[in-house]
Amino acid sequence: MSEPVVLGIESTCDETAAAVIRGRTALSNVVASSMDEHARYGGVIPELASRAHAESFVPVVSKALSDANMDLSDLDAVAVSAGPGLAGCLAVGVSGAKALATAVHKPLYGVNHVIGHIAVTQLQFGVFPQDVLALIVSGGHTSLLYVRDVARSVSVVGTTLDDAAGECFDKIARLLGFPYPGGPYIDRHARIGDPHAVKVPRGLTQGRSAARHPYDFSFSGVKTAVARWLEEQGALGNRIPVDDVCASLADSVAAVLADKSVQACKAFSSDTLIVGGGFSANSQLRAKLAETGARNGVSIRIPELKLCTDNGAMIGMLGVNLIEAGIRPSPPGFSIDSSMPMDRICME
């Protein structure tokens, strides 16, 4: 069988993206972000995001096809994010993908956006080893997944019990006066701060809570502890050491994510950890994962920065995996699922 050629379409939040994937090669990867429109409001406004998707869909898909020197008839299939994500945003992408697939009589796969973050690493590292662990870290998700087969079997090993890592960063960034999104600003300041200057708790890593939740995460307490420390310093009239606060927060979060992920790899006899999601661009996390993995004999696969955030390549790559595995396309009438569970790979 020749390598499948798939158009991947992504529209779960504030990026309208499309890419053409052949086998494990990206022939194009186009992203249009509406982030600047949301920044003035301090967060994503679903109505604005949906409108931006509607305006960008045709230009983005057209450019992806043009960059790949292809038209719709050259495709073997179309894949689109069907969830999880913002309902209005998903509806734009899925409606557009259905129209394209129907027009040229191509099979369509409605796929899980989060599993796409795992699949995309194949563009950089090649096929998965058998039975790997995956850490998904983004603004809305922090989860450990056991990937027996990325096209057929993904199960949840651990997840966040409250705030995701990205949410924690964004909330502290707001208190520090950083613009939205705050994660990159915390990253930048953390590089020059002292990670031991402020005592930041590490949730679910001690005592009974750690025993009950060995692979789960909790960052709400981290957020609260840092927020209270900032409030206390302000009440005392003390200068806030912004670099040190950022470094201490980043070190705590990165250490918990790295330690629990590598522990899970050892428990599941996996020597490889796949990492995906927008928060995996964080430099402290990347360094801590590399250090912890090397110390424990676990290979860490983190994609290059342009593949960490939402993009069409991750959806197209998962579509290729589904075709290669012989998975049937999604039915024509499939709907979006804004809260799609992690263990559902494709709409059936």
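**Stop one: Asp187 and its neighbours**

Start by selecting Asp187: setting aside residues within four places in sequence, it is in contact with Ala281, Asn282, Ser283 and Gln284. Bear in mind that you are looking at a predicted model. Asp187 belongs to helix H7, residues 183-190. Now show side chains, and you'll find the one of Asp187 making a polar contact with the side chain of Arg191, at 3.0 Å. Is Asp187 buried or exposed? Its relative accessible area is 6%, under the 20% cut-off, so Asp187 counts as buried.

Next, hop to Asn282, in the loop between strand E9 (272-276) and helix H11 (283-296). Asn282 is buried too, with a relative accessible area of 6%. Leaving out residues up to four places away in sequence, Asn282 touches Phe169 and Asp187.

**Stop two: the annotated site**

Select Ile136, Val137, Ser138, Gly139, Gly140, Asp170, Gly183, Asp187 and Asn282, which an unreviewed UniProt entry lists as "binding site".

**Stop three: the nonpolar cores**

Now for the largest nonpolar core, with 44 residues; Leu135, Phe219 and Leu249 are among those with the most contacts inside it. Then click Val253, whose contacts beyond four places in sequence are Ala165, Phe169, Phe219, Val222 and Phe279. Finish at a second, separate core of 35 residues, including Ala134, Ile136, Val147 and Ile315.

Terms used. Residues numbered from 1 in each chain as written. Predicted model: local features only at pLDDT ≥ 70, side-chain atom pairs only at ≥ 80, totals over all residues. Heavy atoms only, no water. UniProt positions renumbered as here; feature names shortened; annotations may be inferred. Helix = DSSP H or I, 4+ residues; strand = E, 2+ residues; numbered from the N terminus. Buried < 20%, exposed > 50% of the residue type's maximum accessible area, 1.4 Å probe, protein only. Contact = heavy atoms within 4.5 Å. Polar contact = N/O pair within 3.5 Å; in protein donor to acceptor, adjacent residues only side chain to side chain. Core = buried A, V, L, I, M, F, W, Y, C linked by side-chain atoms within 4.5 Å.
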